[in-house]
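Please look through the sequence and the structure shown here, and then read the briefing that follows.

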Amino acid sequence: SRVVVVGLGYIGLPTAAILASRGIKVSGVDVNEATVDAVNAGRVPFVEPALGDFVEKAVADGMLSASTETPAGEAYIIAVPTPFNADKSANLDYIKAAAGNVAPLLQGDELLILESTSPPGATEIMAEHIYSIRPDLRESNLLFAHCPERVLPGRVMEELVTNDRIVGGITREAAEAARDLYSVFCEGEMLLTDAKTAEMAKLVENSYRDVNIAFANELSVISSRLGINVWELIELANHHPRVNILQPGPGVGGHCIAVDPWFIVAAAPEESLLIRQARETNDAKPNWVIEQVRQAAAGLSRTPKIAALGLAFKANIDDLRESPALSIAAQLADEFPESSILAVEPHVSAMPKALAGKSNVTLEETDAALENADIVVLLVDHDQFKAVPATALAGKAIVDTRGLWR
Ligand code: SAJ
């Protein structure tokens, strides 16, 4: 049997590679030729532990190949991006484009799985889009399902196998067919439901985390006003058997938690008050960090050199998407035009686009940045920064947004 995976990004490529590793012939499709070329050469165009080995082997074994053209298959997995529009509603253009390419190939008995994180109703919209192109298939036995991924970047190859999996079908038969396909590699529990509930479950998981982090971020601002160490405060509160507060930080980044709650807000704006407020609280955190730096600078007698430690959206990865650390570094460059901004990101070698045009920013090694800085702004809790000795920070003003050096 042949499975076609449309979209070879952070989710599509691992899913394609793991299916291929279990003896299923997989064709990958991507609009980006560089991605297609990389995959066909057995390479992975981004950092994700263990994925490289899977892709290399699958391609060498002839089980995985990639193309910019969509081939016909028995099952299709659509894993393309769902960005949001300016009004924060979900943009389904990529899903519709992918479905539009699949539509002419269909015979009427295929399984179509939407994996992209989507607003409630998206799987039905995708089905409708296909029927509008192929009205002849309306009475056919096409099966539509939504199977959201819940893997954590950095642990994808492991969590794809071990996580429980929600499988939502437009019909029960569709859910069962999707379950059978994912059972090939998923050892977690398969939880069958309808498509809309599955879509919502994915959004709710990430919103739950966003709301909890917003609570922690609000606590950090309150604690700062009251002269309390928020890290100690949360650690103490979390000793309660039914309390589990997450960690405050410079804001929430990544392509999931900072995005998904908006899909719920857009679908039910009048009712999503808390979810919206949490998003706004987390989005406001970078400005609060900038204000901390302003105050630190005001206490110095000369124009400060400012080290910005970390640009990624979280610890020990190279992913800069929606990264509050990166946006803070960029804002610091604008806010302090006279200052040198010594940006450090051990996982990235080229100057990120967001900083490229800024003449007062340089990319530095950790040691050099620490040696020269008057103010050190710790933005990401990379292991490398954890290892910085207290002596390297002596005499400097410190804004530690992650509580790494408390
Ligand atoms: N963060 C905090 N404080 C915390 C935890 C995280 O400020 O206590 C920040 C991080 O620094 C980062 C952001 O939140 O900027 C998101 O990081 P994350 O590790 O919480 O999550 P992601 O975006 O890497 O992955 C999430 C996961 N969802 C949940 O844990 C509910 C993952 O399981 C999902 O598969 C993924 O989103 C996704 O693709 O939706």
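In strand E3, Ala 66 is the bridge partner of Gly 28, and four bridges join E3 to strand E2 (residues 25–29), the two running parallel. Strands here are DSSP runs of E with at least two residues, while helices are runs of H or I with at least four residues, both numbered from the N terminus. This is a predicted model, in which local features need pLDDT of at least 70, side-chain atom pairs count only at pLDDT 80 or more, and totals for chains, interfaces and linings use all residues. Residues are numbered from 1 along each chain as its sequence is written.

**The sheet**
- The open sheet has eight strands in the order E3-E2-E1-E4-E5-E6-E7-E8, with mixed pairing, where two strands pair if DSSP finds at least two bridges between them.
- Its edge strands, which pair on one side only, are E3 (64–67) and E8 (190–194).
- Helix H2 (residues 33–40) packs on the sheet, touching E2 and E3, and its direction makes about 160° with that of E3 (axes are lines fitted to C-alpha atoms, for helices over the stretch in contact, and angles run from 0 to 180 degrees between N-to-C directions).

**Glu 149**
- Glu 149 lies in the loop between strand E6 (143–146) and helix H6 (156–162).
- Glu 149 counts as buried because it has 21 C-beta neighbours inside 10 Å, the cut-off for buried being 20 or more other C-beta atoms within 10 Å, with C-beta atoms placed from the backbone.
- Leaving aside neighbours within four places in sequence, Glu 149 is in contact (C-beta atoms, placed from the backbone, within 7 Å) with Ile 11 and Glu 115.

Methods:
Contact = placed C-beta atoms within 7 Å. Buried ≥ 20, exposed ≤ 12 C-beta atoms within 10 Å, placed from the backbone.
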